[in-house]
Every structure is written in structure tokens, then in C-alpha cells.
Amino acid sequence: MLPLNINHVRVPPIKCQGIKTKLINFITTNISWNGEGRWVEPFLGSGVVLFNVQPERALVADSNPHIIKFYQDIQNGVITPNVVREFLFEQGQQLEQTGVDANSYYYEVRRRFNENPNSLDFLFLSRACFNGVMRFNKKGGFNVPFCKKPERFRQAYITKIANQVGWVSEIMYGKDWIFLHQDWRETLNNVVESDFMYLDPPYIGRFADYFNQWTEEDANDLATITQELNVGYALSMWASSEFRTNDYLEQWHGEVVTQGHFYHMGATENLRNQINEALVISPNNVFNGDVNDIAVRGNITEDEEDVQLELI
Ligand SMILES: C[S@@+](CC[C@H](N)C(=O)[O-])C[C@H]1O[C@@H](n2cnc3c(N)ncnc32)[C@H](O)[C@@H]1O
């Protein structure tokens, strides 16, 4: 199953800060896993890692209920490419007729989503909000402002999103994948020895602001609990920036591999932050073989250019 070199990295329909699109091959070529147990992802986020690894069996979870409901709705056939196409076309037209500030239709969708959440509005917000971030206030309300592009949902953009939903739905089909809305502790309570855990928690010591707070206690507990389990794991974490190194990694005893990566912290180029990204891997799951022996999936196609151009 892993290591695997994925030539055509695919992007999921929803976005979030810390999305690993550009780090997929860094992750999949450094891990050795036979694929026999379940792929366990307690911090699913956009789902980009799961959807590119494509294991036969998976237990994936997130404390953000909207992410989990969205993928359950795709799995159950409630959200299909056609449903998405029609919805975004109709809502996109309404968006186009309003302004860019407080009177934008975007804020009406945000208001209605916060009163009565549903997966289609969630998708709309994820694809029309500023910089594709997923941020919530203390009451759990989505609070990201509008990207200020009333013509956001042009035909090509709608087609692209509908295709992403179609692709996710296709790769889920026939697979034993379980999506759960729960805290990471609960997920780790349910792993067994044959499972493999990919851990991508909010980055400690860096601004994150996900659905709920991520504290130092959470981060420390994650290190302790993970390493007490007899289960293979890989942890994504920042290793160092221009200014400092991440002491948190000292709590982890696996092997560390690193790669440079740009994070976009704001709208302009000079707000990009280069950091070194670490993958800490349990000793028995490090791929130490020859790079030429890594299996390859897919050819580079035109879509690959889309991935290169995706900002986050
Ligand atoms: C860095 S993101 C994961 C990004 C993901 N790997 C991707 O590539 O899109 C961290 C995720 O952890 C989730 N999260 C935060 N606190 C959590 C908790 N206590 N239990 C489970 N998930 C949590 C957030 O909602 C967020 O989706």
C-alpha cells in the first residue's frame, strides 16, 4: 500500500488551513504500511490525505461536525455532482446580483448556515470565503468573510467543484470507510494493532483557530497516548521556521523526516511563510528502501497544473 508515489495528486471539494495537498508525496513516499488494517485519521480536515492514499478500510474523524456530515452526505448519495452543479449555479446567480460588502448574498448564506447548518451551504462557504479557510467563532459560527468576488461561481468553477465531488464519491464507492464526528481521544481509543494512524493535529504554537481550541495539553496528551499504543503512526508537524525550531517534537521518539514548505498566512506573497515540515514516523513504519522501488500511481495530466496553482 505505502510507500506510493502519486503523480496525479487530486484536490478535494472543501478547503481548510493546513491542507496537505502539496505534501501528499512527502507523506506517502516516506511511510511503509502493508494496508492490512485500517487507515485511521483522527484529524481529517479536507480529507486530501485519505482521498489520495485510498485505503480499502478507514476510520476517519474530526471534531468539526460539518466536515464529517459533508463526507457522509457524499457517501450516502445525498450530495452528488448534479446536486452540487444545480445548487451552485442557482446560488451563484444570487451572489452575482449582490454587492461585495455586508450586503453580499454570501453573508445571507453564512447567516442561514449558522442557524441551520447543511452540507451544500457549507460547500458554498468553503468555496466563496476569503482564502478558503475554515474558521469558527466561540459559539461555533462560521465567521470567515467573503472573498469579495461576486462572480465566483462561473461555469468552469462550478464544473471543477462538481468534478471534485464526483471523484470523491467514486473513490469512496465500495470501500469500508467510516466517517465519525468525534474528538481524537475517542478515535485513538478504538484503534487496534493492525491499524495505521496518520495524525495531522492543529499545529501547536501557530495560529490555527479550527472548530475548537487546540491546547498545549491536547498536544502533550496526543504525544503520550499515541506512543503508549502499539500502533504504527505518522505525525505531521512543523519542524522549524526562519525564527525558531519546534520543541514539541522532542516528545516524539519516532524517526523524523523533513521538507521545506510554504504556508499562505494571508492574501499577498510577502505573507507567505516558509517552514520546515516534519513527518514523525513510528520506527517500524519508516520506508528506508531505494526510491526507485517506490510504486507509482497515475500519469501527470493537465489537472496537475490545477494543483500547482491552488493557493492552499
Ligand atoms: C491541520 S487540520 C488537518 C488537515 C488535513 N490533514 C488536510 O490535509 O486537509 C486539523 C484538523 O483537526 C481538527 N481538530 C481540531 N481539534 C480536534 C479534536 N480535538 N479532535 C478531532 N479533530 C480536531 C480540525 O477541525 C481540523 O480539521
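Okay, let's start with a cysteine: cysteine 129 has 2% relative accessibility, so it counts as buried, where buried means under 20% relative accessible area, exposed over 50% and partly exposed in between, with a 1.4 Å probe and protein chains only. Cysteine 147, at 14% relative accessibility, counts as buried too.

Before I go on, this is a predicted model: local features need pLDDT of at least 70, side-chain atom pairs count only at pLDDT 80 or more, and totals for chains, interfaces and linings use all residues. Residues are numbered from 1 along each chain as its sequence is written, and side-chain values use heavy atoms, with hydrogens and water left out.

Taking a disulfide as a pair of cysteine sulfur atoms within 2.5 Å, the count is 0.

Now the ligand. It has 23 residues around it, and Lys20, Ser46, Asp62, Asp183 and Asp200 come nearest; near here means a heavy atom within 4 Å. That shell splits into 12 nonpolar, 7 polar and 4 charged residues.

Serine 46 puts a polar side-chain atom 2.6 Å from a ligand oxygen. For aspartate 62, a polar side-chain atom is likewise 2.6 Å from an oxygen of the ligand. With lysine 20, a polar backbone atom is what lies 2.8 Å from a ligand oxygen. And the cover: on its own the ligand has 600 Å² of accessible area, and the protein covers 99% of that, by Shrake-Rupley with a 1.4 Å probe.

Definitions and conventions: A polar contact is a pair of N or O atoms within 3.5 Å; within protein, one must be able to donate a hydrogen and the other to accept it, and residues adjacent in sequence count only if both atoms are side-chain atoms. Ala, Val, Leu, Ile, Met, Phe, Trp, Tyr, Cys and Pro count as nonpolar, Asp, Glu, Lys and Arg as charged, and the others, Gly among them, as polar.
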